[in-house]
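Hi,

Here is the model I promised to pass on.

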Amino acid sequence: MMTILDEIAAKTKERIARRKTEKSLAVLRAQAGAMETNTDFPFEQALRQPGMSLICEVKKASPSKGVIAPDFPYVQIAMEYEAAGAAAISCLTEPYYFQGQDAYLQEIAAQVSIPVLRKDFTVDPYMLYEAKVLGASAVLLICAILTDSELKEYLTIAHSLGLSALVEAHTEQEVQRAVQCGARVIGVNNRDLKTFQVDLATSMRLREMVPKECVFVSESGIRGAEDIAKLYQNGTDAVLVGETLMRAQDKSRIIAEWRGK
């Protein structure tokens with residue numbers, strides 16, 4: 001039986017197949033190659049700063065919540081996050097299930113000085129070169145939709161472009177795969193992308209499987225300062241947060257509270 005994650009991945013493959021008819025991989029690779037390669041990996045540096053780092057998400061909708069932000073001033077939201085102390089921005093570019101657009105990322109990356117993660121369902125090397133051209137500093141690689149050989153290949157390409165990769169896992173086996181494939185940033189999604197059930201204990205439990213030299217990120221289901229404090233005490237380096245902040249009027253106050261400031 002096809003899960004929602006499988007469905008999204010299949011739809012993404014169709015999207016990229018169409019993109020390739022509009023702009024070839026060779027042309028896109030040349031565009032990416034002509035850009036400066038920042039081998040300082042600013043996304044990783046931002047998450048390695050002392051204290052808990054916040055990756056704040058800009059997304060219009062999700063399959064589980066529907067439309068989150070009918071009025072969607074995405075650049076303003078990203079700038080508010082930066083001003084409030086976010087370490088990085090996560091921007092959804094998947095169009096069918098999250099109502100994202102590449103233009104959102106491109107415009108945000110041009111307006112903020114902190115790193116931007118392209119959050120999409122990477123299923124083809126083409127998407128890595130796209131991310132570079134759009135101005136991203138990092139990409140998302142989801143273990144559940146990639147083979148080990150794909151993970152290794154995509155990590156190699158991303159790093160050659162100066163892009164960090166947030167390698168996302170949900171189970172013990174997926175964390176092991178991420179480590180073995182050479183991931184430097186590993187995120188544990190507390191939401192099961194097959195059932196959409198959320199359990200914060202997932203990242204609490206799997207933290208010990210991730211080497212200390214890796215950046216460890218907890219994703220989804222984080223409700224407030226109490227959750228963040230627990231995760232920080234458990235050795236979490238960063239959290240990826242979105243829907244609660246997206247709906248909040250006073251983002252600066254909430255982020256300051258969450259960071260213990």
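Predicted model: local features only at pLDDT ≥ 70, side-chain atom pairs only at ≥ 80, totals over all residues.

A word on burial before anything else: buried means under 20% relative accessible area, exposed means over 50%, and partly exposed is what falls in between, with a 1.4 Å probe and protein chains only. By that cut-off Ser-137 is buried, because its relative accessible area is 15%.

Residues are numbered from 1 along each chain as its sequence is written, and side-chain values use heavy atoms, with hydrogens and water left out.

Back to Ser-137, which sits in the loop between α6 and β6. Helices (H or I, at least four residues) and strands (E, at least two) are DSSP runs numbered from the N terminus. Setting aside residues up to four places away in sequence, Ser-137 touches Pro-42, Phe-43, Pro-115, Val-116, Gly-162, Leu-163 and Ser-164, where contact means heavy atoms within 4.5 Å. Ser-137 is also 8.7 Å from Asn-38, C-alpha to C-alpha, although the two are 99 residues apart in sequence.

What encloses α6 (residues 125–134), and how many of its ten residues are buried? Nine of the ten are, so α6 is largely enclosed by the rest of the structure. The buried ones are Pro-125, Tyr-126, Met-127, Leu-128, Tyr-129, Glu-130, Ala-131, Lys-132 and Leu-134. They pack against α1 (4–22), α2 (25–33), α5, β5 (116–119), β6 (138–142) and α7 (148–160). At the start of α6, a side-chain oxygen of Asp-124 comes to within 2.8 Å of the backbone nitrogen of Tyr-126. After the helix comes Gly-135, with a positive phi near 105°.

One of those partners, α7, has an axis that comes within 10 Å of the α6 axis and crosses it at roughly 20°. (Axes are lines fitted to C-alpha atoms, for helices over the stretch in contact, and angles run from 0 to 180 degrees between N-to-C directions.) That makes α6 roughly parallel to α7; the classes are roughly parallel under 35 degrees, roughly antiparallel over 145, roughly perpendicular from 65 to 115, and oblique for the rest. α6 passes α7 in a right-handed crossing, meaning that the near helix is turned clockwise from the far one by less than a right angle, with anticlockwise being left-handed. Pro-125, Leu-128 and Tyr-129 on the α6 side meet Glu-153, Tyr-154, Ile-157 and Ala-158 of α7. By class, this contact has six nonpolar, no polar and one charged residues. Here Ala, Val, Leu, Ile, Met, Phe, Trp, Tyr, Cys and Pro count as nonpolar, Asp, Glu, Lys and Arg as charged, and the others, Gly among them, as polar.

There is another helix pair to look at. Helix α4 (residues 74–84) packs on helix α12 (residues 251–258) at about 40°, with the axes 9 Å apart. The two helices are therefore oblique to each other. α4 contributes Ile-77, Glu-80, Tyr-81 and Ala-84 to the contact, and α12 contributes Lys-251, Ser-252 and Ile-255. Those residues divide into four nonpolar, one polar and two charged. The crossing of α4 over α12 is right-handed.

Asp-102 counts as buried because its relative accessibility is 16%. Its side chain makes a polar contact of 3.1 Å with the side chain of Arg-19. (A polar contact is a pair of N or O atoms within 3.5 Å; within protein, one must be able to donate a hydrogen and the other to accept it, and residues adjacent in sequence count only if both atoms are side-chain atoms.) Apart from residues up to four places away in sequence, Asp-102 touches Arg-19, Thr-93, Arg-118, Glu-130 and Leu-134; Glu-130 and Leu-134 are among the buried residues of α6.

Finally, some backbone angles. Most residues other than glycine have a negative phi. Gln-99, in the loop between β4 (88–92) and α5, has a positive phi near 55°, and counts as partly exposed at 33% relative accessibility. Ser-220, in the loop between β9 (215–219) and α10 (225–233), has a positive phi near 75°, and is buried at 16%.

Cheers
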